[in-house]
Amino acid sequence: MLSTALQSLVDRCLDALLPPACVFCQGPARQRGAACDACARRIRVWPRKSCARCGEPLPAELAPGPCGACLRKPPPFSRMESLYVYDGPVREAILNWKLAGKDAGVNWLMDAAAARLGELFAPGDVLLPVPMPLSRMRRTGLHHAANLCRAIARRTGARMESGWLRRAGDAGRQSARGRSERWRHARRAFRLADTTHRLDEGSRLWVVDDIRTTGATLHWACRTLARSAALNGAGIRAFSLARTPAGA
Ligand SMILES: [Zn+2]
Ligand SMILES: [Zn+2]
C-alpha cells in the first residue's frame, strides 16, 4: 500500500504525463472520469414536465397529463421513462459505446442519474432487455440493452430476466428503416418465452432499450407482454437511456 504522500506524487506524475480527459470529448477535464464544463452544459436530461404515461414533453400547466394521444389511444405500458435527450454528448457517448465498445461516457451518464434510477426502480422489479435480431447478436456478440439492465440492476436491486422476451423472427436492423416501415416491422418482432415467469406481488415489469427513436420497438414489445395471460396483468413499463426529441 502506498503512503498518502507517495500516492499524491504518483497522481501528480500521472496527471503530467496523461492529463485527465473529459469522458465525452477527450478534452481537458478537472479529474479522471469527469466531464468537462462544456460537455456537462450540453447534456440534456429528459424533461420531467411530461405525460406520465408516454413521456412526451408537455407544457407545465398540462403535466403530468395524460396527453391527448394517450387519451385517444392508451399505449400498452403504464409509463415510458427516459433519462436523457438523445443529442450532443449523450448521442456521442452512446454511439461510442455501441460502435466502439467505449463505455466511459455511458457509465458517467448512469452515475449522474443514480438518484433518478433509485426513484424509478425498486427491488423486485423485473428488467427485460429488448432482444436484438439474432443476426446482429451473432455479428457483434454484444447486447447493449442487457448491459444496460445489468447497470440498472447493480444500482437499484431490480433483477434482469434476459430470456423472457424473445425475437419472433429476424426483423433486421431497425436503424435502416423509415418511420412507418419500422412500426410495421416491429409489430410481430417479439414473443414471450414459454417458461415460468416468476413475479413477486406488486413488482413491475420494465422493457429496457438503449435509445427510443420512433417508439415502435418499446411499443410492440410491451404490447406482446400486455397480451400475455402468463403475466397476469403485471404493471408494464418502458425505459430507455435516451430518447430522440419529438419531431427529430
Ligand atoms: Zn468534454
Ligand atoms: Zn401521453
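Student: In what sense do strand E6 and E7 pair, and over how many bridges?

Tutor: This is a predicted model, in which local features need pLDDT of at least 70, side-chain atom pairs count only at pLDDT 80 or more, and totals for chains, interfaces and linings use all residues. Residues are numbered from 1 along each chain as its sequence is written, while chains are lettered from A and ligands numbered from 1 in the order in which they are written. Strand E6 (residues 205-212) pairs with E7 in the parallel sense, over seven bridges. One bridge joins Ile-211 to Ala-242 in E7.

Student: What makes strand E1 a partner of E7?

Tutor: Strand E1 (residues 79-85) and E7 share six bridges, again in the parallel sense. Within this pairing, Arg-79 stands opposite Arg-237 in E7.

Student: Where do the labels of helices and strands come from?

Tutor: Helices (H or I, at least four residues) and strands (E, at least two) are DSSP runs, numbered from the N terminus. The protein chain has 10 helices and seven strands.

Student: Why is strand E7 called largely enclosed?

Tutor: A residue is buried if 20 or more other C-beta atoms lie within 10 Å of its own, exposed if 12 or fewer, and partly exposed in between, with C-beta atoms placed from the backbone. In E7 (residues 236-243), eight of the eight residues are buried, so the strand is largely enclosed by the rest of the structure. In the protein chain, buried residues make up 32% of the 248 residues.

Student: How do you know that Cys-54 is buried?

Tutor: Cys-54 has 20 other C-beta atoms within 10 Å. The definition asks for 20 or more, so Cys-54 counts as buried. Cys-54 is placed in the loop between helix H2 (37-42) and helix H3 (68-72). Two residues are in contact if their C-beta atoms, placed from the backbone, lie within 7 Å. Not counting residues up to four places away in sequence, Cys-54 touches Cys-67, Ala-69, Cys-70, Pro-75 and Met-80.

Student: Why is helix H9 called roughly parallel to helix H10?

Tutor: H9 (residues 179-186) and H10 (residues 216-226) pack at an angle of about 20°, with their axes 9 Å apart. Angles under 35 degrees count as roughly parallel, over 145 as roughly antiparallel, 65 to 115 as roughly perpendicular and the rest as oblique. The angle therefore makes H9 roughly parallel to H10. The contact involves Arg-182, Trp-183 and Ala-186 of H9 with Ala-216, Thr-217 and Trp-220 of H10.

Student: What makes H10 mostly covered?

Tutor: Nine of the 11 residues of H10 are buried, among them His-219 and Cys-222. The buried residues of H10 pack against E1, strand E4 (165-167), H9, strand E5 (190-192), E6 and E7.

Note on methods. Pairing = 2+ DSSP bridges. Axes fitted to C-alpha atoms, helices over the stretch in contact; angles between N-to-C directions.
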